[in-house]
Amino acid sequence: MKLDHLYQPYLAQRNSVFAKNGMVATSQPLAAEAGMDILKKGGNAIDAAIATAAALTVVEPTSNGIGGDAFALVWTNGKLHGLNASGPAPQSISVDALKERGHEKMPVHGVIPITVPGVPAAWAELSRKYGKLPLTEVLEPAIRYAEEGYPISPILGKFWKLAFDKFKEIFTGDEYKPWFDTFAPDGRAPEIGEMWKSPGHAATLRSIAETNADSFYNGELAEKMADYVQKHGGFLSKEDLAAYKPEWVEPISTNYRGYDVWEIPPNGQGIIALMALKIAEGFQFTEKEHANTYHKQIEAMKLAFTDGKAFVTEPGDMPLPADELLSEQYAEKRRQLIGDTAGEPTPMDLPKGGTVYLAAADGEGNMVSFIQSNYMGFGSGIVVPDTGIGLQNRGHDFSLEENHPNVLKPGKKTYHTIIPGFLTKDGEAVGPFGVMGGYMQPQGHFQVISNTIDFHLNPQAALDAPRWQWMEGKKVVLEPGFPNHIAQALARKGHQVQIAVDTGSFGRGQIIWRNPETGVLMGGTESRTDGSIAVW
């Protein structure tokens, strides 16, 4: 039977999902089930999150991989903990070194934008500190999918083919051959419903599991990565990998109408979502589907994003500290700039991103908000031969302008797009949430939280509501299904409105909320992708 798995002419509806003993929500059903398998084997939410994250590197390689970065917010024993597992630039790289090679900007692909991967270290550290089961057991589902294979899901197949069609035109150097060997072994992208497997990926995951990631940073895998990158003129070294450690950080927050919204502090861009909420809190949104509501939200996000792009980097290099950017005085100053028509802050180009997000919760009250990414889709395009390790291109976000806060420096962590979110009220956990997708992420966080708190939408409806995305200047892109009369009203207010033809650039989110009185979990998953919630 010949079926078009991307053709959907009808309005689909999902309801929120409820459970008591456990819940895992992510963008790929097989990965959600991997996490649930671990919960049922006696693991906790942290174990489930690691299992799901590892499985996602196999079953959604279009958006993340072993060679990427990760962040986590972990609620356990009545407290929220933050893990920053983003990696720094290699010690041997510098602005001068790149300019000597003729680069005026950081390249998008290839060996140069590769930074130290943090994903395996994140899994190992989360397992060490909060997990119940050994990493060998937790990574077993991911290893099985890589070894035995799995059928390609619809949205995964769509983006895999788009990447292949692009890469076959631009990846012409020898350094890219392992990408095609790994992800297009038959000379094409795998089709929807077709089986795909990666034995090298399975061997790498097994090595990470058996050594608690030590082989990735100090052993054979580290040698393979460094040797391959340096063979092709890159900077990543065995010493860079050996020196890497993820960092436990204090999450930052802002109070929005009685709820505390939490993010990882800079170098992540989560602060932008908090800044926008802080600015927007000064307005009363009485009606969701009204042009004035959307106008003020868009203007608040513009101001927050413009400032975030100007200031956010490693904390030590930021010209303004995070607490000042989240102060009421700062929010009021920026709020005064919002009038009845569209403003035009300093324009900036917003590239698309590739990321996976997951939320996990167990029956004991543990909850995890976890996100990992290779940055842009498959990342740098560099795959270490026979390992399944696709290395990220996170270094692309560095500036080569000497006076820019996010200027490239040896060992520095760049401005980072991936952000997990968490919501609490009166010191009690409400739950994890996230919307992945490059520079859409803080905009998605802002819209999902407003949908939840301002307009009391359930988790599924909060995710399904049509989204907007500010791009630059006065340009706003609206999702298909966005109310046309509001689009017209925004245009009359001076917004340069465009209607997107599909939902691919508007982020993909997950939500799990917990009833503090009953412990019942309620979840929403993303209808814009192959989203799924596994429950127990």
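This dialogue works through several features of the structure shown above.

User: What kind of model is this, and how are its residues numbered?

Analyst: This is a predicted model, in which local features need pLDDT of at least 70, side-chain atom pairs count only at pLDDT 80 or more, and totals for chains, interfaces and linings use all residues. Residues are numbered from 1 along each chain as its sequence is written, and side-chain values use heavy atoms, with hydrogens and water left out.

User: How is a sheet to be read, and in what order do the seven strands of the open sheet lie?

Analyst: Strands of a sheet pair through backbone hydrogen bonds, either parallel or antiparallel. Strands here are DSSP runs of E with at least two residues, and helices are runs of H or I with at least four, both numbered from the N terminus. Two strands pair if DSSP finds at least two bridges between them. In this structure, the open sheet has the order β1-β20-β19-β15-β14-β9-β8, with antiparallel pairing.

User: Which strands stand at the edges of this sheet?

Analyst: The edge strands are β1 (17-19) and β8 (252-256); each has a single partner strand, so one side of each is left without a neighbour in the sheet. On average, neighbouring strands are turned by 20 degrees against each other, direction ignored. Such angles come from axes, which are lines fitted to C-alpha atoms, for helices over the stretch in contact; they run from 0 to 180 degrees between N-to-C directions.

User: Where can the pairing be followed residue by residue?

Analyst: Strands β1 and β20 (residues 521-524) pair in the antiparallel sense over three bridges, and Phe18 has Met522 in β20 as its bridge partner. Four bridges join β19 to β20, again antiparallel, and there Trp513 stands opposite Met522. Strand β19 is also joined to β15 by four bridges in the antiparallel sense, with Phe433 opposite Ile511. In the hairpin of β19 and β20, six residues lie between the strands, and Gly519 takes a positive phi near 80 degrees.

User: How many residues of β19 are buried?

Analyst: A residue is buried under 20% relative accessible area, exposed over 50% and partly exposed in between (1.4 Å probe, protein chains only). Six of the seven residues of β19 are buried, and the strand is mostly covered.

User: How many aromatic pairs does a search of the whole structure find?

Analyst: Rings of Phe, Tyr and Trp (its six-membered ring) pair if their centres lie within 6.5 Å; planes under 30 degrees apart count as stacked, over 60 as edge-to-face and the rest as tilted. The search finds 24 aromatic pairs. One of them joins Phe167 and Trp179 edge-to-face, at 4.9 Å centre to centre and 80 degrees between the planes. Phe167 lies in helix α7 (residues 154-170) and Trp179 in helix α8 (residues 177-183), so this pair ties together parts that are twelve residues apart in sequence. Phe167 is buried at 4% relative accessible area, as is Trp179 at 0%.

User: How do the rings of Trp179 and Phe378 meet?

Analyst: Their centres are 5.1 Å apart and their planes stand at 85 degrees, so the pair is edge-to-face. Phe378 lies in the loop between β11 (367-375) and β12 (383-384), while Trp179 lies in α8, so the pair ties together parts 199 residues apart in sequence. Phe378 counts as buried, at 5% relative accessibility. Both rings belong to one aromatic cluster, which includes Phe167, Phe171 and Trp196.

User: Which charged end sits over the ring of Trp248?

Analyst: A charge sits over a ring if NZ of Lys or CZ of Arg is within 6 Å of the ring centre and within 35 degrees of the ring normal. Lys129 has its charged end over Trp248, 4.6 Å from the ring centre. Lys296 lies over the face of Phe283, at 5.5 Å from the ring centre.

User: Is His81 buried or exposed, and which side chain does His81 join in a polar contact?

Analyst: His81, found in strand β4 (residues 79-85), is buried, with a relative accessible area of 18%. A polar contact is a pair of N or O atoms within 3.5 Å; within protein, one must be able to donate a hydrogen and the other to accept it, and residues adjacent in sequence count only if both atoms are side-chain atoms. The side chains of His81 and Tyr130 form such a contact at 3.2 Å.
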